[in-house]
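I opened this model to look up a few contacts and backbone angles. My entries follow in the order I made them.

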Amino acid sequence: QVHLVESGGGLVQPGDSLRLSCEASGRTFDTTFMAWFRHTPGKEREFVATIGPSIRYYSDAVKDRFSIYKDAAKNTLYLQMNSLKPEDTAVYYCAAESQNPYLDTQYTYWGQGTQVTVSS
């Protein structure tokens, strides 16, 4: 059985950094896409970043501030978030296995989410 477990969220001030982790168990995802999405109440779930064989891609809202990477030995996906802004406040979800890396509806596996709050 596949599980994705996120951690690393919290309350930070504008300009701070956080690193989110998504530990996968049950299988590896070396040949497919993994991604981070985020959701704020009242809005649709938003694509943040994706990583797959030979590619990484970021939304315009986070590029140059966020970095997505994987540790294959730990079977863990990360999202390094720098220069955080209040508008980054959301529940962040990791997702795995998709043929289209940008569409949340295409992902097979999801974590439970971790809250990130950016506030002074």
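**Entry 1. The disulfide.** I began with the link of Cys22 and Cys94, which is right-handed, with 45 degrees about the S-S bond. The model is predicted, so I treat every value here as computed. The two sulfur atoms lie 1.9 Å apart. The cut-off for a disulfide is 2.5 Å, so the pair qualifies. I counted 1 disulfide by this rule. Next I asked which parts of the chain the pair links. Cys22 sits in strand β3 (residues 18-25) and Cys94 in strand β9 (residues 90-96). They are 72 residues apart, and the pair links distant parts of the chain. Cys22 has 0% relative accessibility and counts as buried. Cys94 is also at 0% and buried.

**Entry 2. Ser21, next on my list.** Ser21 belongs to strand β3. Is Ser21 buried or exposed? Its relative accessibility is 15%, and the limit for buried is under 20%, so Ser21 counts as buried. I listed its contacts, leaving out residues up to four places away in sequence. Ser21 touches Val5, Glu6, Ser7, Trp36, Thr76, Leu77 and Tyr78.

**Entry 3. Nonpolar cores.** I looked up the largest nonpolar core and found 27 residues. Which of them touch the most other members? They are Trp36, Leu79, Met81 and Tyr92. The elements giving two or more residues to this core are β3, β4, β5, β7, β8 (76-81), β9 and β11 (114-118).

Not counting residues up to four places away in sequence, Met81 touches Asp16, Ser17, Leu18, Leu20, Arg65, Phe66, Tyr92 and Val116. Another core lies apart from the largest one. This other core has 6 residues, among them Ala35, Phe47, Ala95 and Tyr107.

**Entry 4. Aromatic rings.** I found 10 aromatic pairs in the structure. I looked closely at one of them, Phe37 with Tyr107. How are the two rings arranged? Their centres are 5.6 Å apart and their planes stand at 75 degrees, so the pair is edge-to-face. This pair also links distant parts of the chain, 70 residues apart. Phe37 is in strand β4, while Tyr107 is in the loop between β9 and β10 (109-110).

I checked accessibility for both partners. Phe37 is buried, with a relative accessible area of 1%. Tyr107 is buried at 6% relative accessibility. I also noted the span of β4, which is residues 34-39.

One aromatic cluster takes in Phe37, Phe47, Tyr57, Tyr93, Tyr102, Tyr107 and Trp110. From there I went to Trp110 and asked what sits over its ring. The charged end of Arg45 sits there, 4.0 Å from the ring centre.

**Entry 5. Thr50.** Thr50 is in strand β5. Its relative accessible area is 0%, so Thr50 is buried. I looked for polar partners of its side chain and noted two. A polar atom of the Thr50 side chain lies 2.9 Å from the backbone oxygen of Met34. The side chain of Thr50 also makes a polar contact with the side chain of Tyr107, at 3.4 Å. That ties Thr50 to Tyr107, the ring partner of Phe37 from the previous entry.

I then compared Thr50 with Phe37 by position. They are 13 residues apart in sequence and 8.9 Å apart in space, C-alpha to C-alpha. The contact list of Thr50, again without residues up to four places away in sequence, is Phe33, Met34, Ala35, Ile55, Arg56, Tyr57, Ile68, Pro101, Tyr102 and Tyr107.

**Entry 6. Positive phi.** Most residues other than glycine have a negative phi. I looked up two exceptions. Ser54 has a positive phi of about 75 degrees, and it is not a glycine. Where is Ser54 found? It is in the loop between β5 (46-52) and β6 (55-58). At 80% relative accessibility, Ser54 counts as exposed.

Asp64 came next. Its phi is near 75 degrees, again positive in a residue other than glycine. Asp64 has its place in the loop between β6 and β7 (66-71). Asp64 is exposed, with a relative accessible area of 80%.

Key: Residues numbered from 1 in each chain as written. Heavy atoms only, no water. Helix = DSSP H or I, 4+ residues; strand = E, 2+ residues; numbered from the N terminus. Buried < 20%, exposed > 50% of the residue type's maximum accessible area, 1.4 Å probe, protein only. Phe/Tyr/Trp six-rings, centres within 6.5 Å; stacked < 30°, edge-to-face > 60°. Lys NZ or Arg CZ within 6 Å of the ring centre and 35° of its normal. Core = buried A, V, L, I, M, F, W, Y, C linked by side-chain atoms within 4.5 Å. Contact = heavy atoms within 4.5 Å. Polar contact = N/O pair within 3.5 Å; in protein donor to acceptor, adjacent residues only side chain to side chain.
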